[in-house]
Each structure stands twice: as structure tokens, then as C-alpha cells.
Amino acid sequence: MEARIILLRIQIPWSANRQFSHPPLDFPRFIRASSSSTSQKPKTYEGPKPRKNLVADFISKNDDLVRSLPIYVGGASLLAVLFNRTVSGIAPVADASSSQSRADLLALGLAVTNLLTGLVWLSIRPKSITPVNPKGVECKVVESDLPASMVSELLWAWESLKVATCCKSLVIVYNGICLIQIGMVAESPEDKKTVIVKTDKLMQGSVYRGVMKSKAQSYLANLSLYPGRSELPFLPANTQAVILQPLGDKGIAVIGGNTIRGFTSSDQAWISSIGEKLDATLGRYFVDSDEISRVTV
């Protein structure tokens, strides 16, 4: 939209009681008005901008070159010392009384140290941790006797964990009942069916009893290193990490992830809060159910 020029004439009143050195002026004033707010320039962010670390960026982009650099420096230093020894006319045999020999020995030691440092840097590399695709099948098993509000609560917990963390599997056992098994689960090699949670076997295992005894969250950051992996056969075979969250004194939530050490400290604290919320909801429901059953009997 084009801006329009509005011409306003402002008349200054004349009063006979006032003394002016000049007669009243009748002058135009030009005001530029816009018929649309789009003519104004959009405001841009003028706050502090993050600084770039050029050295860190170069190292991250040239990791192999940086790791090999001590080898190049050490090799060049070694050749330089030998060349200097050759052209200087000094005897090749080291002489402890000669300052040149002592300096050459020190330079050789530093060159060899650089060579060894480069070899160590090349041999020791940080292992890259990447998410894996769980080897299993999709599953959604919910206890049929639960009311709709309770099912909604459990599904909310699953959706929250799936979206915000590396969670790919969730099993909640409470009061001796598997309330929900959802996400990726293991597949039976015999009949190609999903491996359903057997609550009796799970509750008799050392993993379950250890968590319920400590009443604290247990984080298995690298599941393949723990012998208790065999007590969780319902999880996919390549599950990378597991969090065992107790739900009060009556239940446990088994949360499987697809990344080694994929659950951060913030995730663990948040999962603890979700566990407390589920425990309060489930505990109230089962208490009411027990009271109703007693009255019926």
C-alpha cells in the first residue's frame, strides 16, 4: 500500500492583546501517514549473538588431521635434529660433555614423545553413540478392566515419554497386574508373536525386588552390560538403556530406550515425577476398587 501525503493547515489565532513582532503565520504542515501497517519495517533481533569458536569448529571438522598432527610434528622434528647433526660436523656419537649433544638428545626425546602422542590419539577414539531401531514389533496391550480415565492417564504418560525422551517401550505393572504394555516389544522366535509380560516371573526377579527394596529409580545406562537383562525378555533384543521407576510400594514402570545413556538427568527427574503422579492415581483407584469389592462381598 502506498503512503498518502496529508496536508493540514494550522491557523494560529490572532489576539489584539498580544504583541507580536510578526503577523500571524498560516503555514502548511506535511504529515506522512500510512494506510497499512505493512509499510513499517519489521523489527529485527538486536540482542547479543552467540560467538563462534573457530578453533573448536576447525577441530570438529578435521578430527583425523588434528589427531595425526603430533606424528607429523614429531617426524619433522626428528628429521631436523638428524639433519642438523649431520651438517654441523659433530661426531655422530653422543658426548655428554658437549652441550650440542645434550640439546640434540633433549630434542630427540621431545620428537619421540610427539610421535607416541599421535599414535595414542589415533588408536583411542570416542565411540559414537547413535540411536538404534528396536528389533521387535509394535504392541499395545491395556488392561480391559480399567476405566476410561485411567486408560487416558496411562496413554498420556506413554505419549509424553515417547515424544520428550528416547523411550520406545513402556510397561507398567501395579498391584500384581500388567496395566499397559505399549511400544516396541520383543518377538518370540518360535511363533513370531509378541512376548507378553509375565508379571509373576518379573516380580520374582532380582531386578524388580532390588528396585522395590531401594524404592529409588534404577537407571541401566547400557543394558547389555547388566546380567539382569535376562529378566526383561519382553523388551526388544537391542534395547540400549532401561529406567526402572518404582510406583510407590505396589508397582514399577519399565521404560526402554534406543540410545546408550540416552536418558539425561532431566529426563530421570521428570520420569520420577510422572511415577509419583501415576502412583497417586493408581493407588486411589485400587483402594476404591478394594472397598467396593468388600462391600459387594
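Colleague: Which residues form a nonpolar patch on the surface?
Modeller: Bear in mind that this is a predicted model. The patch is formed by Val-55, Phe-58, Ile-59, Leu-65, Leu-69, Tyr-72 and Val-73. Together they have about 660 Å² of accessible area.

Colleague: Which helices supply at least two residues of the patch each?
Modeller: Those are helix H1, residues 54-61, and helix H2, residues 63-87. H2 gives the largest share, with 4 residues.

Colleague: And Val-73, where is its place?
Modeller: Val-73 sits in helix H2. Its relative accessible area is 37%, so Val-73 is classed as partly exposed.

Colleague: Let's go inside. How many residues are in the largest nonpolar core?
Modeller: That core has 25 residues. Those with the most contacts inside it are Ile-172, Leu-179, Ile-255, Phe-263, Leu-278 and Leu-282.

Colleague: Which elements give two or more residues to this core?
Modeller: On the helix side, they are H4 (148-164) and H7 (265-296). The strands are S4 (167-174), S5 (177-185), S7 (241-247) and S8 (251-257).

Colleague: New topic: aromatics. How many aromatic pairs does a search of the whole structure find?
Modeller: The search finds 3. One of the pairs is Tyr-285 with Phe-286, in an edge-to-face arrangement. Their ring centres are 5.2 Å apart, with 75 degrees between the planes.

Colleague: Are those two buried or exposed?
Modeller: Phe-286 has 6% relative accessibility, so Phe-286 counts as buried. Tyr-285 has a relative accessible area of 21% and is therefore partly exposed. The cut-off for buried is under 20%.

Colleague: Which residues do ring pairs link into a cluster?
Modeller: The cluster holds Tyr-174, Tyr-285 and Phe-286.

Colleague: What about the backbone? Which residue has a positive phi although it is not a glycine?
Modeller: Lys-215 is one example, with a phi of about 55 degrees. Arg-261 is another, also with a positive phi of about 55 degrees.

Colleague: Why point those out?
Modeller: Because most residues other than glycine have a negative phi.

Colleague: Last bit, the whole protein. How many helices and strands are there?
Modeller: There are 7 helices and 8 strands. Of the 297 residues, 30% are buried. The accessible surface comes to about 20,100 Å², and 59% of that belongs to carbon and sulfur atoms.

Colleague: And what share of contacts joins residues at least 24 apart?
Modeller: That share is 63%, counting contacts between residues at least 6 apart in sequence.

Key:
Residues numbered from 1 in each chain as written. Predicted model: local features only at pLDDT ≥ 70, side-chain atom pairs only at ≥ 80, totals over all residues. Heavy atoms only, no water. Core = buried A, V, L, I, M, F, W, Y, C linked by side-chain atoms within 4.5 Å. Buried < 20%, exposed > 50% of the residue type's maximum accessible area, 1.4 Å probe, protein only. Patch = residues over 30% accessible without salt bridge, like charges linked within 9 Å, V, L, I, M, F, W, Y side chains within 5 Å. Areas by Shrake-Rupley, 256 points an atom, 1.4 Å probe, with all protein chains shown as cover. Salt bridge = Lys/Arg side-chain N within 4 Å of Asp/Glu carboxyl O. Phe/Tyr/Trp six-rings, centres within 6.5 Å; stacked < 30°, edge-to-face > 60°. Contact = heavy atoms within 4.5 Å.
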